[in-house]
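Please examine the sequence and the structure shown below.

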Amino acid sequence: MKKANRRQALKFGAALGGGFLARAEEARTLGKPLSGYGERSQFVKSARATRQTRTPEAGSSSTPLAETYGIITPSALHYERHHGGVPAIDPALHRLTIHGLVERPLVLTMDDIRRLPSVSRIHFLECGGNSGSEWGAKTGPDVQRSYGLASCSEWTGVPLRLVLDEVGLKGNASWLIAEGADACRMQRSMPIVRALDDALLAYGQNGEPLRPEQGFPLRLLTPGWEGNAQVKWLWRLHVTDQPYMTRDETSKYSDLMPDGKARIFTLPQEAKSVVTFPSGGQTLPGPGLYELTGLAWTGRGRIERVEVTFDGGRSWQDAQLDEPRFRLAFTRFRLPWRWDGKPATIASRATDETGYVQPTREELIAARGTNSGYHFNGIKLWKISAEGMVTNADV
Amino acid sequence: MFSRAPRIAGLAVACFFATGLLAQSPRYGVGRTPTDQEIRALGATVAPDGTGLPEGSGTAVEGRALFALRCAKCHGEKGAGDVGPPLVGGRGSLATPKPLKTVGSFWPYATALWNYVNRAMPFNEPGSLTDSQVYAAVAYILHLNEIVRENEVLNARTLPKIRMPNRDGFVADPRPDIKRN
């Protein structure tokens, strides 16, 4: 195109309302074609945090809670805790065997289980060892590595009660020994009363089959309890008249008290919350208006209230809670906050429907000492410097 | 034409009885009854009182060689721990500022040790020990903790009788336990 002609064309385009003017000199490249299974943007890098160990099959990875929105944890970022690696189980070959103190022992295929009436519910899952770092004098530097062994999903499955009705519990049936098909055949005991309450045989997670890391093709879900009790890769339910006092419910996941006695079957996760923004490792670019946000949850029903402090706990104000608030699920809280550029110490404090108030670290230690290891649900303080750097506060 | 109908009917009746015998779930008619063999094939599962322990037996003397070969790499030759946790020591430490939780100092039931070793150990090849080897490994670990004698035979009858040092060391969940003003 000659220059004169182009000028004419531009004029013509302008006369038509700028349509020609907006056209780029270079042609745009087409985007990626359709695909069978979507991937997240190449620019999003959130990942679970793992520690290097010599036994990577037995360990945990934590959810980047500060990089999630709302209350649902993306399945790919759900925290992990495995004791013998993640098995690759063909669902067509998987069986759940229910035996012991039952009238009719039963073997169910996954097709059998999916044929039964199902429910979908949003529930958090938290490792009994989450926030174990906080018992020590040196607390976790960021949300992910101190509170990230907790996640929340929509789970789909069959009420366990329905299946237990089908097998018929004998009169002396009082405990249920759940066992996984992973290499270590993880085994935990649960009181039958809980099995008959709201426990699920779950096969769905956030609209698709369970992720292998969360127990594909079938897991036990006892909402609100410590994660370890919710056996993944579930292949056996042995109905008994006593707990089996397995390794993971006696020598692990028990809370050692200062007097040398250890509490066992401390199953419900008590009310807990953490501010995810601003939180450790983040930097505020400068004074101004921000939305403080975080997550709260309790193993005893619904979160009723979350308060936030900006002065290290001297004064508290109510945060807004996202609705709907599901029982035994993450609740998102928010609070607009104008940072004046001065150092601040912030934290959140949750109250659940039983009236239980999330304790301070000091209150927990006064009650349990520093060697109980598990089930830490204390308030997490973040310190904001005048430069806007957010770090874990010294304790 | 006429001769086929009874055959089909016969087949249907046979199928009805076949599924009638196998389908156990009364309301939804799903699943089938496992055979005893199928349940056994899932592996032993052991109660604190020893219910579920299989036949077989072992002593600490037998367990010593096995432990050196299959366990020591992770737990150390004398069970002091390495990649794997320590299995020995810590008696009397639970109420101190530095508690050491081991089989000897912490585990409440010897039967649970058998159950765990049988299902989960050795870490990189669980399920590879025979029942008698599990008894022997358990005997050796308990011997290292001075709980059984070197030649004491552990089996389904003797193992449940062992009283672990921390047998009474566990209490029920008293939470909520935080006192507030």
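**Strand pairing and chain contact**

Within strand S21 of chain A, A:Phe333 is the bridge partner of A:Leu321. This is a predicted model, in which local features need pLDDT of at least 70 and side-chain atom pairs count only at pLDDT 80 or more, while totals for chains, interfaces and linings use all residues. Residues are numbered from 1 along each chain as its sequence is written, and chains are lettered from A and ligands numbered from 1 in the order in which they are written.

**Pairing within chain A**

- Strand S20 (residues 320-321) of chain A runs antiparallel to S21(A), and two bridges join them; strands are DSSP runs of E with at least two residues, numbered from the N terminus, and two strands pair if DSSP finds at least two bridges between them.
- S21(A) covers residues 331-339 and also pairs with strand S17 (residues 288-297) of chain A, in the antiparallel sense, over nine bridges.
- In that strand S21(A), A:Thr331 is the bridge partner of A:Ala296.

**Pairing between the chains**

- Strand S15 (residues 262-264) of chain A and S3(B) run parallel and are joined by three bridges.
- A:Ala262 has B:Phe170 as its bridge partner in S3(B).

**The contact between chains A and B**

- Chain A gives 49 residues to the contact and chain B gives 43, where two residues are in contact if their C-beta atoms, placed from the backbone, lie within 7 Å.
- On the side of chain B that touches chain A, helix H2 (36-41), helix H5 (110-120) and strand S3 (170-172) each supply at least two residues; helices are DSSP runs of H or I with at least four residues.
- H5(B) gives the most to this side, with five residues.
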